[in-house]
Amino acid sequence: MNATAVNCNACNASLNLELSRNGICKCEYCGTSHNLSRELTLKVDLNNRQFAVLLCDTMNRNLGLVDLQEIAYTLSGLDSIVYYRLEWDNLPGSVKDNKCRELIQWCQRRGFLQELVEVLIQKRPLIIAELL
Ligand SMILES: [Zn+2]
């Protein structure tokens, strides 16, 4: 993992993303608050053809089945997604790797990769930082 992927805009110290809550990370040195949703989303290249593959690999390595389910549940409740009825039980597969790939493909097909990235930034920002 690239530990210096995200730096404070004010003092340039590395942000400790493990201390972030709901997408907000406070610099341990100068106290400046950072909106990770905005800052990390700008750095992620969703158009990179390898992005989904890398994301899947990173999610698989860092998340358990229960974590994935929680992420899917949060996604399913977003205003933009609720209509599409994302249901964990309906995603094919039972093994974690398959569920993870299916979740990502579900988002890709409907143009919701951005939303998936934002939920991850809120809940597990280190996963996204690893991709930068
Ligand atoms: Zn700072």
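**Reading a helix pair**

The axes of helix 1 and helix 5 come within 10 Å and cross at roughly 130 degrees.

Student: How many helices and strands does the chain have?

Tutor: This is a predicted model. The chain has six helices and two strands. Along the sequence, the order is β-β-α-α-α-α-α-α.

Student: What describes two packed helices?

Tutor: The angle between their axes and the distance between the axes. Here, the axes of helix 1 and helix 5 cross at roughly 130 degrees and come within 10 Å. Helix 1 is therefore oblique to helix 5. The crossing is right-handed.

Student: Which residues make the contact?

Tutor: Helix 1 supplies Leu36, Ser37, Leu40 and Thr41. Helix 5 supplies Val117, Glu118, Ile121 and Gln122. By class, the contact has four nonpolar residues, three polar and one charged.

Student: Which residues of helix 5 are buried?

Tutor: Leu116, Val117, Glu118, Val119, Leu120 and Ile121. The cover over them includes helix 1, helix 3, helix 4 and helix 6. Across the chain, buried residues make up 27% of the 132 residues.

Student: What radius of gyration does the chain have?

Tutor: The chain has 15 Å. A compact globule with 132 residues would have a value near 14 Å, so the two agree. The C-alpha atoms fill a box of roughly 45 × 30 × 25 Å along the principal axes.

Notes:
Residues numbered from 1 in each chain as written. Predicted model: local features only at pLDDT ≥ 70, side-chain atom pairs only at ≥ 80, totals over all residues. Helix = DSSP H or I, 4+ residues; strand = E, 2+ residues; numbered from the N terminus. Rg over C-alpha atoms; globule rule 2.2 N^0.38 Å. Buried ≥ 20, exposed ≤ 12 C-beta atoms within 10 Å, placed from the backbone. Contact = placed C-beta atoms within 7 Å. Axes fitted to C-alpha atoms, helices over the stretch in contact; angles between N-to-C directions. Parallel < 35°, antiparallel > 145°, perpendicular 65-115°, else oblique. Left-handed = near helix turned anticlockwise from the far one by under 90°. Nonpolar A, V, L, I, M, F, W, Y, C, P; charged D, E, K, R; others polar.
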